[in-house]
Amino acid sequence: MQFVTALEAADTWDVVVVGSGFGSLFFLKRYLELKPNSRVLILERGRHNTTDWQLEQHKNSDVEESTTFVNESPKEWVYTIGLGGSTNCWWAQSPRLHPSDFALKTRHGVGADWPVTYDDLVPYYRQVERIMPVAGPDDLDSEFPGTGSYPQKPHRMSSADELIRATPGHKHFVIPNARLTETLNGRGRCCASSECNFCPTGAKFTAFNGLQDVLSHRNVRICTEAHVRSLDVEAGQVRKAVFTQGGKDYAAAGDFFVLGANGVFNPWILMKSGIGGHGVGRYFGEKLHASVEILLDGHQHFDGGTVQTCFNLSRLETPTRGEMGAAVYYFENNIRRPGLRMTQGRWREFLQVTIYVEDILQETNGIFDEGGELPVVRHAGFTPYATKSLQAAVGAMPELLRALPVESIEMKEIYPVLGHLQGSARMGLTKADSVVDADLLHHEHRNLAVVGTSAFPTLGSVNPTLTAAALSMRAAERIAGPR
Amino acid sequence: MKMLTPSRRTFLLGGAGLAVVGAGAGALAATGTLERYLAKLVLHTFVRERIELESLDVFVAEFISHADPGTISKATMLTRTARLVGVKGLDVALVGHDAYADFKRRLVTQFLLNSDYFQRASATVPIHCHEWTGVCVNPFARFDDA
């Protein structure tokens, strides 16, 4: 990697990228394949916290994210500030969004439609799955058409999963994830450590072990601890990224800009720059994340090959999705948390299922500029669209788990945070309904792309990261490729 | 990239070999107050088992060194209360208390995963706490093909 000082960064570049997480780096991955001679500057607010540093310190960043915003909501919000962004802290679940996720308004009359379809993203999903690479099963085509075979074999499911999958009509599948099942290029295989934000073997994809070709590209320069405050606009074009380092102001000029901070700071920087569009800083949120604990009678759990083994899609796309959100069950094989069953001799007769529940993004929830130094995050809490769905999902569990010797099912808690910031710079067809278009280009300032999960117009049903990466690769291809 | 291995923290463990074997909550496995409370809670939970006390001391020290500040704060408060009512009395008094249950579950789970409890030849063999595993801790995980 070629790091530069702030003074060296205050130059003129072909491309200036703000932030270095999934959205930014997958954009650059494709962009540099198409335009390898472009001079690229990455401005990263955080430091370069190496993988070894993270393992030693047992944290992903030296910046406590709660000091970077004012939270005026009942929920918590988490992210990683540092080179590589959330590639450091993520747990690597890598399912595609479901085809129905892209057409919620058309199919069910709620939320919004995306300006891209599942089919539009299939080629880019495949590219990302091969870059990371993703380990997954070969039977997902029925739910996610065009999946085919994953580059790595799937993780071993638990014996509880095997029993559920023996049930006729099941929708229970091994979760695709970017944790290796086979060693590759010096990276070890997943050892089911159940602490994936500090993956001890290198099995989990991160920017450092999977996108070094981008970070170390001959024409890429990286300036860390560069806090971008705003973008300068002139004659409808973004001209400069204004940033501070060590209390001094600098500006990096460029022909093209990629804003890939995160769901809090993308809209914050847009607002500070006077860059508008419908929904800048609004429609912000994340899925509801709940935990259910199941006591088993005689069945020994925790024999899967990774931290979460299967997901169950039986309540993803239902006829009632107009009234209650998609719910997806994740079958946990995490032996550390919440811990073993507290009954002598029956320690393993316990299964935890976590549930992701879709909510409708509300225009009133978002990132606000109150004139202070920090963005203010306001969120009113989950709507009945999510809470009703959670109730229904828990109610459906006895039937879902009928193949298992279940003693009891207890809804345990709704977690305060999921870690999937979404919305706040949504994509859509026109500036009347969104901030960016299907190519992630700002509707008015056409030399500005806003990448990452902030562009999502709806939450979707499953983990958003693979889709954010695929959207970035598609955008880069359409922006830099032959017209 | 440097890899963490289970042996990485071996230097912390010194020469904890076979030593005193305790049976029952009356044994004092450690000298510090917080350490003593945690050791007693383990002994109370496994009152019918025999545990090598010297290795339990090491486990408790490792548990404390790996715990987050919230867990330590919670354990310190429990230690103070246990001075008044005893470990067993506190355990009974807090039945059904979610935060206590979560804390105890975490402690017991770590004890089970950082000892030879699941690997012992028989239940009569004293439990030995081994090197703090820290990573790759699931002894039941299957990595072979289905």
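Predicted model: local features only at pLDDT ≥ 70, side-chain atom pairs only at ≥ 80, totals over all residues.
At what angle do the axes of helix 1 and helix 3 of chain B cross, and within what distance do they come?

The axes of helix 1 (residues 33-45) and helix 3 (residues 69-93) of chain B come within 9 Å and cross at roughly 40°. The crossing, as helix 1 of chain B passes helix 3 of chain B, is left-handed. On the side of helix 1 of chain B, the contact is made by B:Thr33, B:Leu34, B:Tyr37, B:Leu38, B:Lys40, B:Leu41 and B:His44, while helix 3 of chain B contributes residues including B:Ala75, B:Leu78, B:Ala82, B:Val87 and B:Asp91. Sorted by class, this contact of helix 1 with helix 3 of chain B holds eight nonpolar, four polar and three charged residues.

Helix 1 of chain B also packs on helix 2 (residues 53-66) of chain B, at an angle of about 115° and with the axes 10 Å apart, and this crossing is right-handed. Here B:Leu34, B:Glu35, B:Leu38, B:Ala39 and B:Val42 of helix 1 meet B:Leu56, B:Asp57, B:Val60, B:Ala61, B:Phe63 and B:Ile64 of helix 2 of chain B. The residues of that contact between helix 1 and helix 2 of chain B divide into nine nonpolar, no polar and two charged. You will find B:Leu34 and B:Leu38 in the contact with helix 3 of chain B as well as in the contact with helix 2 of chain B.

Stepping back to chain B as a whole, its secondary structure comes to four helices and two strands, which follow one another along the sequence in the pattern β-α-β-α-α-α. Of the 146 residues in chain B, 33% are buried. Among the contacts within chain B between residues at least 6 apart in sequence, 68% join residues at least 24 apart.

How many residues of chain B are in contact with chain A? There are 22 of them, and they are in contact with 26 residues of chain A; on the chain B side, the residues that touch chain A are 13 nonpolar, two polar and seven charged.

Let me turn to chain A, where six strands form an open sheet in the order 4-10-11-12-9-15, with antiparallel pairing. Its edges are strand 4 and strand 15 (406-414) of chain A, each of which pairs on one side only, and neighbouring strands are turned by 25° against each other on average, direction ignored.

Within that sheet I would draw your attention to strand 10 (residues 308-315) of chain A, which is largely enclosed by the rest of the structure, because seven of its eight residues are buried. Three bridges join strand 10 of chain A, antiparallel, to strand 4 (residues 172-174) of chain A, and there A:Val174 stands opposite A:Cys310. Five bridges join strand 10 to strand 11 (residues 327-332) of chain A, again running antiparallel, with A:Asn312 opposite A:Tyr329 and A:Gln308 opposite A:Glu332.

Finally, helix 10 (residues 384-395) of chain A lies across strands 9, 10, 11, 12 and 15 of chain A, and runs at about 150° to strand 12 (350-357) of chain A.

Terms used:
Residues numbered from 1 in each chain as written. Chains lettered and ligands numbered in written order. Buried ≥ 20, exposed ≤ 12 C-beta atoms within 10 Å, placed from the backbone. Pairing = 2+ DSSP bridges. Contact = placed C-beta atoms within 7 Å. Nonpolar A, V, L, I, M, F, W, Y, C, P; charged D, E, K, R; others polar. Axes fitted to C-alpha atoms, helices over the stretch in contact; angles between N-to-C directions. Left-handed = near helix turned anticlockwise from the far one by under 90°.
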